[in-house]
Amino acid sequence: MTEDIRHDWTIDEISEIYHTPVLELVYRAATMHRKYQDTGEVQVCTLLSIKTGGCPEDCAYCSQSVHNHSGVKVESLMKTEEVLEKARRAKSAGSTRFCMGAAWREVRDNRDFDRVLEMIHGVNDMGLEVCCTLGMLTESQAKKLQEAGLYAYNHNLDTSPEYYGEIIHTRTYEDRLQTLENVRKAGVTVCCGGIIGLGETHEDRISMLHVLCNLPEHPESVPINGLVAIAGTPLENNAPFDVWDMVRMIATARILMPKTMVRLSAGRREMSMAEQALCFMAGANSIFTGEKLLTTPNPSLEEDQEMFDLLGLKPRESFKEEKHGTYI
Ligand code: SAM
Ligand code: DTB
Ligand code: SF4
């Protein structure tokens with residue numbers, strides 16, 4: 001079984017997988033999925049933007065950057081009780097993971113950070129997997145988050161090292177990798193993925209997957225986002241992402257990182273139920289539910305319930321142990 005879990009993938013091998021005729025690719029990924037995951041289960045996560053807008057970074061896709069003009073209102077950090085109320089609601093709507101996002105370049109050791117630690121405590125006490133995405137952080141900050149009860153930290157590579165400079169100028173790929181290392185050292189699980197539809201090539205996507213699957217440990221979750229093109233950002237007129245490319249990304253990620261939760265993330269609103277079903281076939285086993293992602297709309301709870309019923313999918317329980325490569 002262990003030959004499936006590798007950290008020495010070459011670009012050529014990944015390219016061959018990614019470019020496999022799509023039905024054969026889905027079959028291969030579905031086979032790997034069946035071996036390492038419970039195929040009838042999909043993790044249900046809820047996002048909340050706890051500090052919206054005013055971010056000094058210049059990510060070209062983002063509604064929350066001060067460099068873009070999306071019209072998103074700058075808000076200060078939400079009150080702890082309000083956040084906990086949202087988490088309670090997410091839990092009663094069936095969510096098992098709660099992800100809090102702040103539009104910060106990096107974490108600072110200030111009162112806001114102390115309040116985030118308090119939020120983590122509260123959400124963790126509800127029995128939810130707590131995830132945060134707060135920008136760059138040091139190892140000691142990551143340790144404080146871990147001690148507060150943080151289960152996962154989201155920090156995306158977004159695209160390939162080669163294309164990164166076209167999308168973000170205010171930090172480097174190396175900065176991202178350093179934060180991921182700090183998270184890992186603190187014993188927090190890693191959530192790291194990217195976006196398709198930024199204008200990148202197939203080679204860029206392959207290159208991003210190459211970085212992810214050759215990290216010393218595979219991220220426990222890999223979100224694949226389809227660009228939500230936001231008016232007022234430099235990418236507002238990008239062509240919609242190709243659903244077949246989404247399927248290829250998910251299937252390739254599943255084959256490269258069999259034990260990882262692969263999340264069909266932003267962009268589901270632009271996809272039909274049948275298209276999403278193809279992504280689940282290809283190995284996606286996590287989604288964000290609830291009316292909003294961070295600043296943009298998401299399918300409604302009713303639509304997602306209908307999809308789960310139709311496809312016979314069940315929500316995955318929190319803190320579930322991984323399967324170790326058995327055929328079912
Ligand atoms: N500021 C933190 C950071 O950059 O790590 C956290 C928040 S950031 C919004 C989290 C991730 O959401 C980004 O890295 C990006 O992959 C994804 N994202 C943001 N805006 C998006 C968009 N318009 N379409 C698709 N994905 C997006
Ligand atoms: C991730 O990979 N996607 C989520 C989460 N991690 C933080 C964010 C998607 C944001 C989509 C655009 C928005 O709502 O602003
Ligand atoms: Fe800031 Fe994160 Fe948006 Fe980049 S993606 S502008 S770091 S909030």
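In this predicted model, ligand 1 is surrounded by 18 residues, of which the closest are Thr 133, Asn 156, Asp 158, Arg 176 and Val 228; a residue counts as near the ligand if one of its heavy atoms lies within 4 Å of it. By class, this shell has nine nonpolar, seven polar and two charged residues. Residues are numbered from 1 along each chain as its sequence is written, and ligands from 1 in the order in which they are written. Local features need pLDDT of at least 70 and side-chain atom pairs pLDDT 80 or more, whereas totals for linings use all residues.

Polar contacts are pairs of N or O atoms within 3.5 Å. An oxygen atom of ligand 1 lies 2.6 Å from a side-chain N or O atom of Asp 158, and an oxygen atom of the ligand is 3.0 Å from such an atom of Arg 176. The protein covers 90% of the 560 Å² of accessible area that ligand 1 has on its own, as computed by the Shrake-Rupley method with a 1.4 Å probe.

The space taken by ligand 1 is the largest cavity, a cavity being a set of points, on a 1 Å grid over the protein atoms alone, where a 1.4 Å probe fits but cannot get out. This cavity holds about 880 Å³ of space. Its lining comprises 43 residues, those with an atom within 4 Å of a point. Strand S2 (97-102) supplies the largest share, four residues.

The second largest cavity has a volume of about 30 Å³. Asp 158 is also among its lining residues, and H8 gives the most to this lining, with three residues.

Technical notes:
Side-chain values use heavy atoms; hydrogens and water are left out. A polar contact is a pair of N or O atoms within 3.5 Å; within protein, one must be able to donate a hydrogen and the other to accept it, and residues adjacent in sequence count only if both atoms are side-chain atoms. On a 1 Å grid over the protein atoms alone, a cavity is a set of points where a 1.4 Å probe fits but cannot get out, and a pocket is an open set with protein on both sides within 12 Å along at least five of seven lines; lining residues have an atom within 4 Å of a point. A molecule sits in a cavity or pocket if more than half of its atoms lie within 2 Å of its grid points. Ala, Val, Leu, Ile, Met, Phe, Trp, Tyr, Cys and Pro count as nonpolar, Asp, Glu, Lys and Arg as charged, and the others, Gly among them, as polar. Grid points are joined across faces, edges and corners, and a volume is the space filled by probe spheres set on the points. Helices (H or I, at least four residues) and strands (E, at least two) are DSSP runs, numbered from the N terminus.
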